[in-house]
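Welcome! Please keep the sequence and the 3D view open while you work through them.

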Amino acid sequence: MIRVINDSNRTQPGRMASSYAAWLGKALDSTSQTTDSDTTIFVSHLPVAEATKACPPGAHLLLSLQEDGHRQSAQKNPICLPFGSRRSYKFAAPLAFRLAKQLGVGIVAVHTTYRKNGLSSETPEDHFTPETQESLKLLRQMAAEFGVPLTLDVQMASEIPGFVVRAAIIADCGLIVMERGRVLYGSNAELVAAGTPIPILIVNNDGKAAQ
Amino acid sequence: MNTATAKWHQSPYVAEIVAISQYAIKAILKIVIGGAIASSMIKGDGFHNLADIVPAAIVMFGIWIKRRKWKGYPFQLKEVESVLTLAIGALLGFTGFKIGWGSLLGCISLMPAVDTFIRNAIPLPVHEAVHINAKLLWPLVGLMGGSAIVSLVVARFQIHVGKVSGDAALTADGKETMTDGSVELVGLLGVILVQRFHIAAAEYILGFVVMGFVLHTAWEIFKPSLDAILKRSLGDDVEADLRTAALAVHGVEATGTLFTFRVGRTTAVCLMTVVTRLDANRHAFLRFALQRVIEKRLLEVEDAREVEIRIDFEEPPENPHRSVYACEVVDGRLRIVSDLDDATHVLICDLRQDDTGRSRFRSEILLTDPLEFAKERKVQTIVLHRPDPADPLPEGEADLTYEAATSSDPELELGVPLFPH
């Protein structure tokens, strides 16, 4: 079960984050009956560095970015899931698909690839590494298992965070789900969080969080 | 359309050169033939065609001007097109009224008594009916008829190219050429009806019909240009759609001022202020998201081919929120109560709009009924202790809601140290 909690609502933005958390909890049918194996999402309005410190251990961090949930309840926006090699989405993908299934929305998987030397094709998929092709295969399997529609957006772009945000905007996504990365500061997730106007769920990948 | 890469038959310059050429050829033929057969009507029409070259040349010049970039003109000189089409519409309107006036004079001339009566009251110009030598009727029909058909064909070409290239002035000039051809055809029909079938009023009745057609075309050309020059908005429905689209974008809290108008015929402009709490680091992508949805809607506006969008951001207005914690004093410390009737003190919390500083807190002794206090002090939320969040709270009212505090210790609940009570 997915459990949604939020931080103090002692400021106006905090109150909006509480409202967003309330909407998400209701949409995911969260209840107060919790168990040790629950997946916990901590909703915060704070900047990513402060929110990370406030985030309880083992919880995933959702930066609600001044959203109060009213927009989401009116629109069925898909979830943006950036992917690369297997380790970049190992924990993010299952959670993204679970959320998509429960919210009744689709997944937009986005990826940037470098151009292969000597390959003239303009089709980005032709420039995938074998590892990325394997990742895509796994994502398609997951989509089939969860029964969630999966759309692919692949570009040959040199800058990952900017591409992820633009792709999420173009696809009208309501949430971006990314893994934290191996470092806290300067990771793609943090760079995306710094610029995105769309709420972002930074998935805890220390292995302690329940999936 | 990039005229450099357009095919020749889609080039606005080619279309106007064709129009100018047909005016020149017709003018020469009519003036020469008209002079040869002593027909003032044909000669006059020839000079009219000669004069039509001038607006066509001006339109061609206007098309060239509007495509250039001019320093100091952010919208280039696209509005030149509106001025030209306004002028063409006005000219056409004048032509329509002139045709109608001529037809009116002609009708009056058919009733000599009425004609005399009116002329005694107001001075009217002399009306000269057209008389054609019966032997020249059919050659005249051939010349004028051919001229009319050429006008109509060239007009269709101008209008088609004008729509493809997005040049409203060219389209307007094409419509003007079309009315010329229509006037020639109808005039010719009138002459045939009068000369061949002796229906005296036919020419003038047809003249009124032509007047209606010409005035309608003139208005079709004139009005949109006037709207563009006066910067009329694109319409309530367009602006409502733009606001709805903007509100659907993540990060937008509200829309502020909104102005929409055209520059020229084909450029739709939107100036919008958006209210957002997002910090400046996110404005670049927020602007990207807004421009996408606004551009999509603007391109649906009739004749719009280009858009200009300007978005300004502003913070939401101060919207102070006051919460009050219903408290009592236990062992010298404030404790949040579960029941409003048990409250002897209140902890007033004015929430900050942002995270730049702490919200302001102060405690007071409660001397009146708590709900009276709340009304007097414009309290929006009363917080009561509920150890289990599932425990019900009292029913709120329109301007007052209740919230639960899971801890009875206000310092723990608020996360900030308070001044000792």
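**Exercise 1.** With which residue does K66(B) form a salt bridge, and how far apart are the closest N and O atoms?

*Solution.* Before starting, note that this is a predicted model, where local features need pLDDT of at least 70, side-chain atom pairs count only at pLDDT 80 or more, and totals for chains, interfaces and linings use all residues. Residues are numbered from 1 along each chain as its sequence is written, chains are lettered from A and ligands numbered from 1 in the order in which they are written, and side-chain values use heavy atoms, with hydrogens and water left out.

Step 1: recall the term. A salt bridge is a side-chain nitrogen of Lys or Arg within 4 Å of a carboxyl oxygen of Asp or Glu.

Step 2: find the partner. K66(B) pairs with E81(B), and the closest N and O atoms are 2.6 Å apart.

Step 3: Helices (H or I, at least four residues) and strands (E, at least two) are DSSP runs, numbered from the N terminus.

Step 4: check the burial. K66(B) and E81(B) are both buried. Buried means under 20% relative accessible area, exposed over 50%, and partly exposed in between (1.4 Å probe, protein chains only).

**Exercise 2.** Which residues are linked with K30(B) in a network of salt bridges?

*Solution.* Step 1: list the members. The network links K30(B) with K26(B), D45(B) and E184(B).

Step 1: look at one pair. Between K30(B) and E184(B), the closest N and O atoms are 2.7 Å apart. K30(B) lies in helix α1 (residues 12-36) of chain B and E184(B) in helix α6 of chain B, so this pair ties together parts 154 residues apart in sequence.

Step 2: check the burial of this pair. K30(B) is buried at 1% relative accessibility, and E184(B) is buried at 9%.

**Exercise 3.** Are R166(A) and E159(A), which meet in a salt bridge, buried or partly exposed?

*Solution.* Step 1: find the bridge. The side chains of R166(A) and E159(A) come to 3.7 Å, N to O.

Step 1: read the accessible areas. R166(A) is partly exposed at 34%, and E159(A) is partly exposed at 40%.

**Exercise 4.** How many residues of chain B are in contact with chain A?

*Solution.* Step 1: count. On chain B, 31 residues are in contact with 31 residues of chain A, where contact means heavy atoms within 4.5 Å.

**Exercise 5.** What kind of aromatic pair do F97(A) and F146(A) form?

*Solution.* Step 1: start with the total. The structure holds four aromatic pairs over all chains.

Step 1: classify this one. F97(A) and F146(A) are stacked, at 5.8 Å centre to centre with 20° between the planes. Rings of Phe, Tyr and Trp (its six-membered ring) pair if their centres lie within 6.5 Å; planes under 30 degrees apart count as stacked, over 60 as edge-to-face and the rest as tilted.

Step 2: locate the rings. F97(A) is in helix α4 (residues 92-103) of chain A and F146(A) in helix α5 (residues 130-146) of chain A, 49 residues apart.

Step 3: compare their surroundings. F97(A) is buried at 0% relative accessibility, whereas F146(A) is partly exposed at 22%.

**Exercise 6.** Where does D172(A) lie?

*Solution.* Step 1: find the loop. D172(A) lies between α6 (160-170) and β7 (175-179) of chain A.

Step 1: check the backbone. D172(A) is not a glycine, but has a positive phi of about 60°. Most residues other than glycine have a negative phi.

Step 2: find another case. D303(B), also not a glycine, has a positive phi of about 70°, and lies in the loop between α9 (283-298) and β3 (306-314) of chain B.
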